[in-house]
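Grab a pencil and work through these exercises with the model open beside you. Each task comes with a solution that goes step by step.

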Amino acid sequence: MRVVIAGGTGLIGSALARWLQREGREVIVLTRSAAASGVGGGGGSGVGDGRLRHVAWTAAPVRPGEPRPPWWEAVAGAAAVVNLAGASIAAGRWTPRQKQRIRESRLQATRALVQAIEAAEPRPAVLVSGSAVGYYGPRGDEVVDEATPAGDDFLSHVCVTWEAEARKAAAAGVRVALVRTGLVLAREGGALPRLVLPFRLGAGGPLGSGRQWMPWIHLDDLVALLVFLIERPGLEGPFNGTAPNPVRNRDFARSLGRVLGRPSWLPAPAFALRLALGEMADALLLSGQRAVPRRAQQAGFRFRFPEVEPALRDLLAR
C-alpha cells in the first residue's frame with residue numbers, strides 16, 4: 001500500500017508517516033521544500049519493508065492549458081491520499097492577511113490534490129482530509145457530534161469551504177473521510193509544550209474563566225484514527241478527531257498541574273489574552289466545543305487515551 005501525505009512534514013503528518021513505515025507501507029510526503037526529490041528518487045529508506053520519499057509539489061491547482069506537474073505521478077496508483085496541508089492557525093495574530101493565508105493555503109492545497117486524484121489512473125481508493133472542530137464554532141455546554149451544524153465565525157467558514165473542496169473527489173468515485181481535529185496533545189510540538197511552560201515556571205492555571213470546553217486528543221490516537229479511516233472501506237463523511245471525554249479548561253489545568261507537580265491556580269485573564277492575541281484568543285483559547293467522536297466510536301474505533309490525565313502522564317511524566 002502506498003500512502004501519499006500532503007502536509008507530511010508537520011506534527012501529525014510526520015507521526016503518521018512513521019506509523020505507516022513501521023507497518024511496512026510505502027509513504028510519499030508532498031513538500032514544498034526545494035530539497036525534495038522528484039517522484040523517482042531521493043528520500044530515505046523506511047523501517048522494515050516500508051519506504052519514505054519526499055516529493056516536491058506546489059500546493060496549487062493547475063490552470064487550464066498548463067502541463068501536469070510531476071508530483072501527480074505519486075498520486076496515480078496510491079491506495080490513499082491524506083491531506084493535512086495548511087498554514088498554522090496559531091502562527092500569529094489574525095490580521096486580514098494572515099486570515100487569508102490560513103484560508104487559501106487549505107483551499108488551494110485541497111483543490112490541487114483533488115485535481116491530481118481526478119486525473120490519476122488508477123485513482124486512490126480514499127482521500128482522508130483534515131478539518132477541525134472549529135467547524136462547529138463556539139458551542140458553550142452543548143454536546144457536539146458530527147451531526148451538529150456548522151457555526152458562523154471565521155474558523156467555521158474556513159472548515160466548511162475546506163471540506164467542500166475535499167468532497168469534490170467523491171464525484172470521481174473516491175471515498176472521502178473528513179477528520180475534524182481538536183487540540184492535539186503531543187510531546188514533540190503543537191500546543192502542549194506552550195501550555196506546559198507557565199506551569200514549569202509556577203504560573204500555570206486556567207485561561208480566562210476556565211469554563212470553556214477543550215476537545216483534545218492524544219497524538220497516537222489521532223494517528224490511529226487516520227489509519228483506521230484509510231483501512232475501513234465503508235467509512236466516509238465527517239469524523240470528530242477528539243477523545244471521548246472533553247474537559248473544561250480549568251480541569252485540564254488541574255490535571256496538567258498534578259502531572260507536572262506544579263501549582264495550577266493562577267489564571268491568565270481573558271482581557272490580557274485578547275490584548276495579546278486579538279480575535280484568535282476568543283476562537284482558540286477562550287471558547288471551545290464539547291465535541292465527542294460519536295461516529296468513530298460507532299464504527300468500532302477504540303481510544304488508547306480516553307481520559308486527559310493518563311494522556312498527559314504518557315506524554316510528560318517520562
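**Exercise 1. Find which residues touch the most other members of the largest nonpolar core, and which elements supply the core.**

Solution. This is a predicted model, so keep that in mind as you go.
- Step 1: The largest nonpolar core holds 33 residues, and I5, L16, V128 and L229 touch the most other members.
- Step 2: Now look for the suppliers. At least two residues each come from β1 (2-6), α1 (11-22), β2 (26-31), β5 (80-83), β6 (126-132), β8 (175-181) and α6 (219-231).
- Step 3: α6 gives this core its largest share, ten residues.
- Step 4: Apart from this core lies another one, of 28 residues, including L30, V81, I117 and L127.

**Exercise 2. List the contacts of L229, leaving aside its neighbours within four places in sequence.**

Solution. 

**Exercise 3. Decide whether A59 is buried or exposed, and say what its phi angle is.**

Solution. 
- Step 1: Find A59 in the loop between β4 (51-56) and α2 (72-75).
- Step 2: Its phi is positive, about 55 degrees, although A59 is not a glycine.
- Step 3: Check the cover. The relative accessible area of A59 is 5%, and buried means under 20%, so A59 is buried.

**Exercise 4. Locate P122 and describe the peptide bond that leads from E121 to it.**

Solution. 
- Step 1: Go to the loop between α3 (96-119) and β6, where P122 is found.
- Step 2: Read omega for the bond from E121 to P122: the value is near 0 degrees, and the bond is cis.

**Exercise 5. Work out how many residues of helix α11 are buried, and what they pack against.**

Solution. 
- Step 1: α11 covers residues 308-316, and seven of its nine residues are buried.
- Step 2: The buried ones are V308, E309, A311, L312, D314, L315 and L316.
- Step 3: Their packing partners are β9 (183-185), α5 (192-200), β11 (216-218), β13 (247-248) and α7 (249-260).

**Exercise 6. Now zoom out: explain how the radius of gyration fits a compact globule.**

Solution. 
- Step 1: Count the elements: the chain has eleven helices and 14 strands.
- Step 2: A compact globule of 318 residues would have a radius of gyration near 20 Å; the chain has 20 Å, so the two agree.
- Step 3: Along the principal axes, the C-alpha atoms fill a box of roughly 60 × 40 × 40 Å.
- Step 4: Look at the burial: 53% of the 318 residues are buried.
- Step 5: Of the contacts with a separation of 6 or more, 79% involve residues 24 or more positions apart.

Conventions. Residues numbered from 1 in each chain as written. Predicted model: local features only at pLDDT ≥ 70, side-chain atom pairs only at ≥ 80, totals over all residues. Heavy atoms only, no water. Helix = DSSP H or I, 4+ residues; strand = E, 2+ residues; numbered from the N terminus. Rg over C-alpha atoms; globule rule 2.2 N^0.38 Å. Buried < 20%, exposed > 50% of the residue type's maximum accessible area, 1.4 Å probe, protein only. Contact = heavy atoms within 4.5 Å. Core = buried A, V, L, I, M, F, W, Y, C linked by side-chain atoms within 4.5 Å.
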